[in-house]
Amino acid sequence: MRRHTAGPAGPARRLLEIRDLHVEFRTRDGVAKAVNGVSYSVDAGETLAVLGESGSGKSVTAQAVMGIVDSPPGYVTGGEVRFRGRDLLTMGAEERRRLRGAKIAMIFQDALSSLNPVLSVGAQLAELFRVHDRMSRADSRAKAVELMERVRIPAAKERVGDYPHQFSGGMRQRIMIAMALALEPDLIIADEPTTALDVTVQAQVMDLLAELQREYNMGLVLITHDLGVVADVADRIAVMYAGRVVETAPVRELYKRPAHPYTRGLLDSVPRLDRKGRQLYAIKGLPPSLTAVPAGCPFHPRCPRAQDICRTDRPPPAAVAPGRTSACHFWKETLDANR
Ligand SMILES: Nc1ncnc2c1ncn2[C@@H]1O[C@H](COP(=O)(O)OP(=O)(O)OP(=O)(O)O)[C@@H](O)[C@H]1O
Ligand code: SF4
Ligand SMILES: [Mg+2]
């Protein structure tokens, strides 16, 4: 397979740039503003983790990038999604479809519902090469085996004719990774790729994904709940809350000194070996309903640091440091409190 080399630094390496993205779902219960001004970017060779509680808009943002928002009831109502500088949202449907297959791939949590149950995994992999690269039947079959070996499916040659249900959950997720890698995309979006697996298998699959990302110098958007996973594999992190990005930072800096009270709460609610015996902190309350997001800072009803201004004025993303932003009126105080 082709090996990529790192490109030049700077804007030429920027793969994906999401700017002020808005997505809403028009339902009988009202308009749910699932994505409410999200901005983040990913460079070639970089892993960006997207973290946030359930319902914060992580998956819907990814669906908008892929052009697979469930519509109706979902609509992209504003913003830009630039891939290598070109806006996917204004691109023709055919061109976008081609890009989606070959340049941007997505891995979902649930392999069983993403794979075709009545086709062997070999046939599904081979199909990609036949359609995109116009390969012969024999060549595409050989490529399928090669890919299965690449994602370390034991006895790939013998198993290439097996059906998805004949594989374990971890092996199925490896097959999903193989499908995503098949056309050597520039960018992979992995939405909770290991959540459905046992803990030990989770680590193996995540290690494999991280290894392949490095080897192919791909951009990787890794959507996850798991702060442990983030620490191990991500370069940068975007923390989402109620359809917004509240903090972005290089992972180490964010762990050492978060600049947003929500991030602080997330970090404090993770068990740590060096804090054994101490009670775990839980962020009080629940995320807001997306049909009635609170005025001002959407986190204010749960924030231990909230002041009057937080109830009325929405905090814009402030530049904390190069490559770091925080959407909090009191980011300086939050940062200093970590010292
Ligand atoms: N098909 C849909 N119809 C109506 N509303 C939807 C639909 N899909 C998503 N939503 C709304 O968008 C919100 C955000 O959903 P999203 O799937 O992006 O959350 P998430 O951050 O990925 O959460 P999780 O961690 O649980 O996967 C949901 O809470 C829901 O209100
Ligand atoms: S703006 Fe106010 S309510 Fe929002 S996170 Fe910062 S301190 Fe808390
Ligand atoms: Mg999700």
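Let me start with strand β10, residues 244–250, and strand β12, residues 324–326, which pair in the antiparallel sense over two bridges, where strands are DSSP runs of E with at least two residues, numbered from the N terminus, and two strands pair if DSSP finds at least two bridges between them. Within this pairing, Glu247 stands opposite Ser326 in β12.

Before I go on, please keep in mind that this is a predicted model, in which local features need pLDDT of at least 70 and side-chain atom pairs count only at pLDDT 80 or more, while totals for chains, interfaces and linings use all residues. Residues are numbered from 1 along each chain as its sequence is written, and chains are lettered from A and ligands numbered from 1 in the order in which they are written.

Both β10 and β12 belong to an open sheet of eight strands, in the order β6-β7-β8-β3-β9-β10-β12-β11, with mixed pairing. At the edges are β6 (104–107) and β11 (318–321), each of which pairs on one side only. Neighbouring strands here are turned by 25° against each other on average, direction ignored; the axes behind that value are lines fitted to C-alpha atoms, and the angles run from 0 to 180 degrees between N-to-C directions.

Elsewhere in the chain, β1 is joined by eight bridges to strand β4, residues 74–83, and the two run antiparallel, with Val23 standing opposite Val76 in β4. Strand β4 also pairs in the antiparallel sense with strand β5, residues 86–87, over two bridges, and there Arg82 stands opposite Asp87. Together β4 and β5 form a hairpin with two residues between them, and in that turn Arg84 has a positive phi of about 50°.

Now to the helices, which are DSSP runs of H or I with at least four residues. Helix α5, residues 137–150, has 14 residues and reaches 20 Å from its first C-alpha to its last, close to the 20 Å expected at 1.5 Å a residue, the expected span being 1.5 Å times one less than the number of residues. Which residues of α5 are buried? They are Ser140, Lys143, Ala144, Leu147 and Met148, and they lie on the same side of α5 because they cover an arc of only 140° around the axis, the arc being that of the directions from the helix axis to the C-beta atoms. As background, an α-helix has 3.6 residues a turn, so residues three or four places apart point the same way.

By buried I mean that 20 or more other C-beta atoms, placed from the backbone, lie within 10 Å of the residue's own. Met171, in helix α7 (residues 169–181), counts as buried because it has 22 C-beta neighbours inside 10 Å.

Finally, the ligands, where a residue is near a molecule if its C-beta atom, placed from the backbone, lies within 6 Å of it. Around ligand 1 there are 16 residues, of which Ala34, Ser54, Gly55, Ser59 and Val60 come nearest, and α1 gives the most to this shell, with three residues. Ligand 2 is surrounded by 13 residues, the closest being Cys297, His300, Cys303, Cys310 and Cys328. By class, the shell around ligand 2 has nine nonpolar, three polar and one charged residues, where Ala, Val, Leu, Ile, Met, Phe, Trp, Tyr, Cys and Pro count as nonpolar, Asp, Glu, Lys and Arg as charged, and the others, Gly among them, as polar.

Technical notes
A residue is buried if 20 or more other C-beta atoms lie within 10 Å of its own, exposed if 12 or fewer, and partly exposed in between; C-beta atoms are placed from the backbone.
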